[in-house]
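This report describes a single protein chain for a reader who is new to structural analysis. Please keep the sequence and the structure in view while reading.

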Amino acid sequence: PEVLAFFRLVFFAVLAVDLWLQVEHAPRHGAGGFNVSHLPALDSWLPVLARPAIAFLFIVQAYLAGLFALGGGGRAALFALTGLYGVTYFSSQLDSYQHHYLMFLVLLLLCLVRWEPAPVPPPGKKSKALEPPAAWPVRLLLVQISIVYVYAALAKMEPVWLDGIVLERQVSAGWARDVIERMGGFKLVSGLVIATELGLAVAIHLRGLRLFVAPAGILFH
């Protein structure tokens with residue numbers, strides 16, 4: 001329960017900051033009357049959200065994420081946050097970053113977590129052996145992360161990536177280019193990127209490796 005509470009504080013506090021930073025991007029939505037949803041079937045009945053509506057929804061989401069991070073709002077706040085996040089994401093292709101679709105899936109899975117401690121059984125009554133409060137939703141989160149890493153690795157199985165051409169064009173900082181050259185060049189590092197993604201996809205499911213995998217994944221990104 002203590003670890004889950006710490007995760008709740010850190011994860012949703014960072015999400016609250018991210019959502020607040022999205023407010024400045026709200027004017028893009030609905031500009032020039034253009035707003036195409038991610039799912040064509042929704043275009044006929046999904047309301048076109050104008051810029052003020054998008055800005056307002058981002059502000060509300062930032063508030064709900066901050067409230068939930070501090071232990072308030074209960075499951076209703078999390079459900080509302082997840083629903084509004086889905087509305088703002090799916091309503092416009094202007095919001096097409098991968099981590100936003102992934103964050104929506106993560107929020108859906110977090111709605112399944114039992115955030116409150118298990119009730120204490122009455123005196124004299126044996127309690128059933130319960131899994132940790134976030135056991136199986138966390139397993140689903142790890143599966144989802146593995147899917148993302150495997151897909152990312154497979155998407156790089158193209159000659160332009162394997163030859164290091166794409167990475168060389170992406171990396172512009174001088175210090176980063178120097179580091180890559182010292183490691184053996186862009187072609188070698190491009191292969192290491194694929195190997196790292198496949199390694200993370202497997203290693204996050206091995207409890208004994210997570211203490212090493214977590215910092216490696218963060219530094220990798």
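Glu168 has its place in helix α7 (residues 165-170). Helices (H or I, at least four residues) and strands (E, at least two) are DSSP runs, numbered from the N terminus. With a relative accessible area of 39%, Glu168 is partly exposed. Buried means under 20% relative accessible area, exposed means over 50%, and partly exposed lies in between (1.4 Å probe, protein chains only). The C-alpha atoms of Glu168 and Gly185 are separated by 9.2 Å, and these residues are 17 apart along the chain.

The model is predicted: local features need pLDDT of at least 70, side-chain atom pairs count only at pLDDT 80 or more, and totals for chains, interfaces and linings use all residues. Residues are numbered from 1 along each chain as its sequence is written, and side-chain values use heavy atoms, with hydrogens and water left out.

**Overall architecture**

The chain has ten helices and zero strands. Of its 221 residues, 36% are buried.

**Salt bridges**

How many salt bridges does a search of the whole structure find? The search finds two. A salt bridge is a side-chain nitrogen of Lys or Arg within 4 Å of a carboxyl oxygen of Asp or Glu.

Arg177 is partly exposed, with a relative accessible area of 26%.

Another salt bridge joins Lys156 and Glu197, whose closest N and O atoms are 3.0 Å apart. Lys156 lies in the loop between α5 and α6 (159-162), whereas Glu197 lies in helix α9 (residues 186-203), so the pair ties together parts that are 41 residues apart in sequence. Both Lys156 and Glu197 are buried.

**Charges over rings**

Lys156 also lies over the face of Trp161, at 5.3 Å from the ring centre. A charge sits over a ring if NZ of Lys or CZ of Arg is within 6 Å of the ring centre and within 35 degrees of the ring normal. In a further case, the charged end of Arg8 sits over the ring of Phe68, 3.7 Å from its centre.

**Aromatic pairs**

A search of the whole structure finds eight aromatic pairs. Rings of Phe, Tyr and Trp (its six-membered ring) pair if their centres lie within 6.5 Å; planes under 30 degrees apart count as stacked, over 60 as edge-to-face and the rest as tilted.

| Pair | Centre to centre | Angle between planes | Class |
|---|---|---|---|
| Phe7 and Phe11 | 5.2 Å | 25° | stacked |
| Phe7 and Trp115 | 6.4 Å | 5° | stacked |

Phe7 lies in helix α1 and Trp115 in the loop between α4 (98-110) and α5 (135-155), so this pair ties together parts that are 108 residues apart in sequence. Phe7 and Phe11, by contrast, are separated by about one helical turn, because they are four residues apart in helix α1 (residues 2-22).

Is Trp115 buried or exposed? Trp115 is buried, with a relative accessible area of 10%, whereas Phe7 is partly exposed at 31%. Ring pairs link Phe7, Phe11, Phe12, Phe68 and Trp115 into a cluster.

**The nonpolar core**

Phe12 also belongs to the largest nonpolar core, which has 32 residues. A nonpolar core is a set of buried Ala, Val, Leu, Ile, Met, Phe, Trp, Tyr and Cys residues joined through side-chain atoms within 4.5 Å. Within the largest core, Phe12, Leu15 and Leu107 touch the most other members. The elements α1, α2, α3 and α4 each give two or more residues to this core, and the largest share, nine residues, comes from α2.

**The loop between α2 and α3**

Leu70 is found in the loop between α2 (51-69) and α3 (74-90). Leu70 counts as exposed because its relative accessibility is 71%. Together with Phe6, Leu9, Val10 and Val14, Leu70 forms a nonpolar patch on the surface, with about 520 Å² of accessible area in all. Patches are made of residues with over 30% relative accessible area and no salt bridge: like charges are joined within 9 Å, nonpolar side chains (Val, Leu, Ile, Met, Phe, Trp, Tyr) within 5 Å. Accessible areas come from the Shrake-Rupley method with a 1.4 Å probe; for residues, only the protein chains shown count as cover.

Gly71 lies in this loop between α2 and α3 and counts as partly exposed at 49% relative accessibility. The C-alpha atoms of Gly71 and Trp115 are separated by 9.5 Å, and these residues are 44 apart along the chain.
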